Amino acid sequence: MPRFAANLSMMFTEMPFLDRFDAAAQAGFTAVEFLFPYEHPAEAVGERLKRNGLTQALFNLPPGDWNAGEKGFASLPARFSDLKASLETALPYAKATGVKRLHLMAGIANRGERVAIEAFYKSVAWAAEFFAPHGIDIVLEPINARNVPGYFLNDFGFARDLIQELRLPNLKLQFDIYHCQIIHGDVTMRLREMMPIIGHIQIASIPSRNEPDGEELNYPFLFAELDRLGYAGFVGCEYNPRGKTTDGLAWFKPYAGVKP
């Protein structure tokens with residue numbers, strides 16, 4: 001049975017960020033993820049996790065100036081020093097939360113330019129090797145061009161080839177089913193093909209990015225498929241609730257309380 005992680009950047013937003021840990025645990029989640037923790041002290045985030053018996057499934061490395069439209073800088077040659085600094089920024093949060101996987105964002109760049117590709121390979125290898133001694137995986141997530149126009153990593157095949165080429169044991173694919181369906185379709189076959197390199201999965205309805213209880217995809221089938229494929233990682237609930245978060249959790253009730 002899949003192990004679901006509530007995404008606290010998108011769910012339970014009716015309350016302040018640190019209170020969302022309590023709300024997720026009360027709703028039956030045993031794990032959480034979020035985009036960025038850096039506005040809060042690492043110790044405060046870790047304390048909320050411990051208090052509620054929650055596992056931190058994932059969070060993102062610093063993306064640069066998010067409010068100005070930056071979405072990471074791993075593919076930007078001129079920002080390699082920022083990339084290295086971002087790893088140092090994230091490390092105390094990784095230690096405080098006990099997280100085992102971090103998402104490295106690629107940034108806005110043209111994947112047709114060799115310098116961008118070379119910068120991305122260099123950044124990915126550097127990040128994976130930086131976190132390897134800490135037992136932490138780096139995950140790469142292809143993101144669709146409708147949600148993030150111009151995002152460098154917008155193809156699952158490119159991400160797969162890079163991971164297989166670098167052969168770093170702690171480098172994995174973040175397979176967001178929502179993004180895969182928009183970019184490529186054929187989600188089930190891609191899950192079957194890429195399962196050996198998948199380190200994290202995320203879900204949302206398509207096209208509205210709401211609760212995974214309708215629209216284009218049959219999520220109960222996909223959840224069963226993850227079991228058939230032997231997936232033992234987390235499934236992040238990276239969706240925008242239609243209304244109050246707890247009012248939209250009927251889909252989750254059969255899975256509530258599943259332990260990490």
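What follows is a set of questions and answers about this predicted model.

Q: How many disulfides does the structure hold?
A: A disulfide needs two cysteine sulfur atoms within 2.5 Å. The sulfur of cysteine 180 has its closest cysteine sulfur in cysteine 237, and at 18 Å that is too far for a bond. Looking from cysteine 237, the closest cysteine sulfur is the one in cysteine 180, again too far away for a bond at 18 Å. The count of disulfides is therefore 0.

Q: Is cysteine 180 buried or exposed?
A: To count as buried, a residue needs a relative accessible area under 20%. Cysteine 180 has a value of 0%, so the word for cysteine 180 is buried.

Q: Which residues lie closest to the centre of the largest pocket?
A: Start with the space itself: the largest pocket has about 330 Å³. Its lining is made up of 14 residues, and the ones closest to the centre are Phe36, Pro37, Tyr38, Glu39 and Trp66.

Q: Which residues lie nearest the centre of the second largest pocket?
A: This pocket has a volume of about 240 Å³. By class, its lining has 8 nonpolar, 7 polar and 5 charged residues. There are 20 lining residues, and nearest the centre lie Leu35, Trp66, Ile143, Arg209 and Glu238.

Q: How many residues apart are phenylalanine 4 and tryptophan 251?
A: Phenylalanine 4 is in strand S1, which covers residues 3-7. Tryptophan 251 is in the segment after strand S8 (234-237). The pair links distant parts of the chain, and the separation is 247 residues.

Q: Are phenylalanine 4 and tryptophan 251 buried or exposed?
A: Both residues also belong to one aromatic cluster, whose members include Phe12, Phe29 and Tyr255. As for accessibility, phenylalanine 4 and tryptophan 251 are both buried.

Q: Which residue has its charged end over the ring of tryptophan 66?
A: Tryptophan 66 is one of the residues nearest the centre of the second largest pocket. A charged end sits over its ring, 4.4 Å from the ring centre, and that end belongs to lysine 71.

Q: Which ring does the charged end of arginine 228 sit over?
A: Here the charged end is 5.1 Å from the centre of the ring. The ring belongs to phenylalanine 221.

Q: How far apart in space are the C-alpha atoms of glycine 28 and leucine 249?
A: Glycine 28 is in the loop between H1 and strand S2 (31-33). With 17% relative accessibility, glycine 28 counts as buried. Along the sequence, glycine 28 and leucine 249 are 221 residues apart, but C-alpha to C-alpha the distance is 9.9 Å.

Q: Is the peptide bond from isoleucine 206 to proline 207 cis or trans?
A: Proline 207 is in the loop between strand S7 (198-203) and helix H8 (219-228). Omega for the bond from isoleucine 206 to proline 207 is near 15°, and the bond is cis.

Q: Is arginine 167 buried or exposed?
A: Arginine 167 is in the loop between H5 and strand S6 (171-176). Its phi is near 55°, a positive value in a residue other than glycine. The relative accessibility of arginine 167 is 73%, so arginine 167 counts as exposed.

Q: Where is aspartate 186 found?
A: Aspartate 186 has a positive phi of about 55° although it is not a glycine. At 48% relative accessibility, aspartate 186 is partly exposed. Its place is the loop between helix H6 (177-183) and helix H7 (187-194).

Definitions and conventions. Residues numbered from 1 in each chain as written. Predicted model: local features only at pLDDT ≥ 70, side-chain atom pairs only at ≥ 80, totals over all residues. Heavy atoms only, no water. Buried < 20%, exposed > 50% of the residue type's maximum accessible area, 1.4 Å probe, protein only. 1 Å grid on protein atoms, 1.4 Å probe; cavity = no way out; pocket = protein on both sides within 12 Å on 5 of 7 lines; lining within 4 Å. Points joined across faces, edges and corners; volume = space filled by probe spheres on them. Nonpolar A, V, L, I, M, F, W, Y, C, P; charged D, E, K, R; others polar. Helix = DSSP H or I, 4+ residues; strand = E, 2+ residues; numbered from the N terminus. Phe/Tyr/Trp six-rings, centres within 6.5 Å; stacked < 30°, edge-to-face > 60°. Lys NZ or Arg CZ within 6 Å of the ring centre and 35° of its normal.
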